[in-house]
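Work through the exercises below with the sequence and the model at hand. Each task is followed by a solution in steps.

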Amino acid sequence: MIQKRYLGLVLFASVFTAAHAADITLALGTEPSTLDPQTAQDGSERAVSRNIFETLITRTPKGELVPQLATALPRQIDAATWEVTLRPNLKFSDGQALDAAAVAASINRIVDPKTASRQRPFFLGIKSAEAVNPTTVRVLTNGADPALPARLSWLTIVSPAAAADGSLGQKPVGSGPYVLTEWAKGNRIVLSKNPNYWNPSAVGNVDRATYRFVAEPGTRLSGLRAGDFDFITNVLPEDTKRVAKAVTLQGTDLPFVSLNALKGLTKDVRVRQALNYAVDKEALAKDLYGGYAAVSHGQLLAPGWFGYDASIQPYAYDPARATELLKAAGAYGKSIDLYAPSGRWLKDKELAETIAAYWEAAGLKVNFRVLAWSEYLDAINKNRVPTEAQISSSHSNQLLDADRTLSAYYADGGVAAANDNAELKTLIEQARQEADPVKRQALYSKALKIGRDEAYLVFLLEGGEIFGLSKRIDFAPRVDGLIPVKDIRVIE
């Protein structure tokens, strides 16, 4: 079920006309940590690399699964085996064949624990893959794995040779519509059209895309208004009327705070619940985000993602109850660390500062610290150990399926989870292998209720993205939050 809510697709309408090929410049909040599309999960990486690499299956802008490198959606052969047929004569940008052996190598690479992929939670249902013949790939799953087609919509196919020699992160080799022309670290990345792309009719009129990295939203806005940029991310809600066009999509990013239930003050569930009661989510949505957000229903899922349960209730704003719980836990007046990035998500720093103020009002001393992007990634990756700090973050789920979210943020052993709840982990693993959608939903509902009551996270908002466009381009946002350059049209 795909039910993303488009808030106001184009605030200033423009009319597409056939236009000449052109160059554009996009400003992102952070620089990619790598262009290897299988190892990182930092947002800016995919904003760039998803133009270089492709997947077997893709999504339409509204979320429907459709073939890309495959000729059709995967066929389930038996309870734990699927087959995919490739388009014939596919090639990587270096001229090497993109065949079933290359696809199997890509799948086996990303699920190999030695790869240490931050995207591992996307693919936990996949055991391995093998080439049946040059155009047929067999994917073996751990149980039924009904989310397999969605997983394949996110699993990038990379050059086995570039992956083997370790150059993929700096010299990416994919099959997509664009290729890397230049990466001047700390300054810009430049992509150019792939002259040998297999599907040129799907590519718009952008010949060359330059990415700049600008953390401050005001600087991005000034650059857009001055004509230096054509596309900027994370336009502040109060600035939407100051750009030529603002396109928005709600429900693609869910701000939250990851709590460490294994160490420190937050090992006590009363403290974790207090941190939820202390925050006025309605005020955040209205005052900080100007209505471009809604209160989360006590879960790290959004409406439209499989597994979402609207019956789960948010924590009410109850500062008196928060203080009462802190006192009962012996935590009142004690110190707590809160870390946050700046510039990656819409108002991420301001949101964390406001949360810190709420926690202070409830009776804690908050040591608030803004982390550099690399520090933030290191902290969130090591949330279980050694830090006791709480991490303000945001979550998106391009699979639109609960398994990706709960495996990463709820399950013991998840890349960003910090609890040891065995029952919760078992429920998530059972749901991953349950073919019956009704039974699968029931398992997720039970898991979400545990996560809510145990307050493993501070559940905040169903947020979104606001992109600012120059008057010379058109672009419609997608439910998966991707920014395909091939879909951008230069209109003047």
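**Exercise 1. The whole chain**

How many helices and strands does the chain have?

Solution. The model is predicted: local features need pLDDT of at least 70, side-chain atom pairs count only at pLDDT 80 or more, and totals for chains, interfaces and linings use all residues. Residues are numbered from 1 along each chain as its sequence is written, and side-chain values use heavy atoms, leaving out hydrogens and water.

- Step 1. Helices (H or I, at least four residues) and strands (E, at least two) are DSSP runs, numbered from the N terminus. The chain has 13 helices and 22 strands.
- Step 2. For 492 residues, a compact globule would have a radius of gyration near 23 Å, and the chain agrees with its 22 Å. This radius is taken over C-alpha atoms, and the globule rule is 2.2 Å times the number of residues to the power 0.38.
- Step 3. Buried (under 20% relative accessible area, 1.4 Å probe, protein chains only) applies to 59% of the 492 residues.

**Exercise 2. A sheet and its helix**

Solution. 

- Step 1. The sheet is open, with 4 strands in the order S5-S6-S8-S7 and antiparallel pairing; strands pair if DSSP finds at least two bridges between them. Its edge strands, S5 (75-78) and S7 (126-133), each pair on one side only.
- Step 2. On average, neighbouring strands of this sheet are turned by 30° against each other, direction ignored. Axes are lines fitted to C-alpha atoms, for helices over the stretch in contact, and angles run from 0 to 180 degrees between N-to-C directions.
- Step 3. Contact means heavy atoms within 4.5 Å.
- Step 4. S7 and S8 (residues 136-141) are antiparallel over 6 bridges; Ala-131 has Val-137 in S8 as its bridge partner.
- Step 5. In H2, 9 of the 12 residues are buried, so the helix is largely enclosed by the rest of the structure. Its cover includes S7, S8, strand S9 (156-157) and helix H4 (160-164).

**Exercise 3. Helix H11**

How many residues of H11 are buried, and what covers them?

Solution. 

- Step 1. The count is 8 of the 8 residues in H11 (residues 402-409), so this helix is largely enclosed by the rest of the structure.
- Step 2. Among the elements covering H11 are helix H3 (148-152), strand S14 (245-258) and helix H13 (437-454).
- Step 3. At the start of H11, a side-chain oxygen of Asp-401 comes within 2.9 Å of the backbone nitrogen of Asp-403.

How values were computed
Buried < 20%, exposed > 50% of the residue type's maximum accessible area, 1.4 Å probe, protein only. Polar contact = N/O pair within 3.5 Å; in protein donor to acceptor, adjacent residues only side chain to side chain.
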